[in-house]
Amino acid sequence: LQKATRTKTMKIFYFAWLKEHTVCSSEDMPLPDGVDTVGELIAHIAHNSPGHQTALTNLEAVRVAVNRVYADLTTTIADGDEIAFFPPVTGG
């Protein structure tokens with residue numbers, strides 16, 4: 001018997017100039033097996049379109065949150081998580 005596998009689906013949000021590049025503010029994204037961390041997610045998303053690739057090329061200019069908590073490339077992700085990509089927030 002094979003165990004039924006359920007695809008993980010994430011809600012991805014893009015803010016500021018990332019939204020301009022991806023041409024969407026959010027999307028529901030099914031993920032293949034092997035996409036288990038933020039870093040793997042970014043690599044997967046970059047293949048969606050040239051705009052997604054441009055938005056996520058310079059990771060020093062992008063911050064990420066998983067379920068509204070700051071995260072890094074090694075943070076694990078799970079089915080139903082909300083992932084947000086946004087530029088660093090500056091004070092003033």
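I take contact to mean heavy atoms within 4.5 Å. The model is predicted, so I note that local features need pLDDT of at least 70 and side-chain atom pairs pLDDT 80 or more, while totals for chains, interfaces and linings use all residues. Residues are numbered from 1 along each chain as its sequence is written, and side-chain values use heavy atoms, with hydrogens and water left out.

**Entry 1: alanine 71**

I looked up alanine 71 in strand 4 (residues 69–71); helices (H or I, at least four residues) and strands (E, at least two) are DSSP runs, numbered from the N terminus. Alanine 71 has a relative accessible area of 18% and is therefore buried. For this term I use under 20% relative accessible area, with exposed over 50% and partly exposed in between (1.4 Å probe, protein chains only). Leaving aside neighbours within four places in sequence, I find alanine 71 in contact with Val38, Val64, Ala65 and Val66.

**Entry 2: overall fold**

I recorded 3 helices and 5 strands, in the order β-α-β-α-α-β-β-β along the sequence. The radius of gyration is 13 Å, which agrees with the value near 12 Å that a compact globule of 92 residues would have; I take this radius over C-alpha atoms, and the globule rule is 2.2 Å times the number of residues to the power 0.38. The C-alpha trace spans about 60 × 25 × 20 Å along the principal axes. Of the 92 residues, 35% count as buried. Of the contacts between residues at least 6 apart in sequence, 54% join residues at least 24 apart.

**Entry 3: aromatic pairs**

I found 2 aromatic pairs in the structure. In one of them, tyrosine 14 and phenylalanine 85, the ring centres are 6.1 Å apart and the planes stand at 15 degrees, so the pair is stacked. This pair links distant parts of the chain, since tyrosine 14 is in strand 1 (residues 8–14) and phenylalanine 85 in strand 5 (residues 82–86), 71 residues apart. The criterion applies to rings of Phe, Tyr and Trp (its six-membered ring) with centres within 6.5 Å; planes under 30 degrees apart count as stacked, over 60 as edge-to-face and the rest as tilted. Both tyrosine 14 and phenylalanine 85 are buried.

**Entry 4: histidine 52**

I located histidine 52 in helix 3 (residues 50–55). Histidine 52 counts as buried because its relative accessibility is 6%. Residues up to four places away in sequence not counted, histidine 52 touches Tyr14, His21, Thr22, Glu27, Ile45 and Ala46.

**Entry 5: aspartate 36**

I placed aspartate 36 in the loop between strand 2 (26–31) and helix 2 (38–45). With 36% relative accessibility, aspartate 36 counts as partly exposed. Beyond neighbours within four places in sequence, the contacts of aspartate 36 are with Lys8, Thr75, Thr76 and Ile77. The C-alpha atoms of aspartate 36 and proline 50 are separated by 23 Å, at 14 residues apart along the chain.

**Entry 6: positive phi**

Most residues other than glycine have a negative phi. I noted a positive phi near 60 degrees at valine 23, in the loop between helix 1 (17–22) and strand 2. Valine 23 counts as exposed at 71% relative accessibility. Arginine 68 also has a positive phi, near 70 degrees, and its place is in the loop between strand 3 (63–66) and strand 4. At 78% relative accessibility, arginine 68 counts as exposed.
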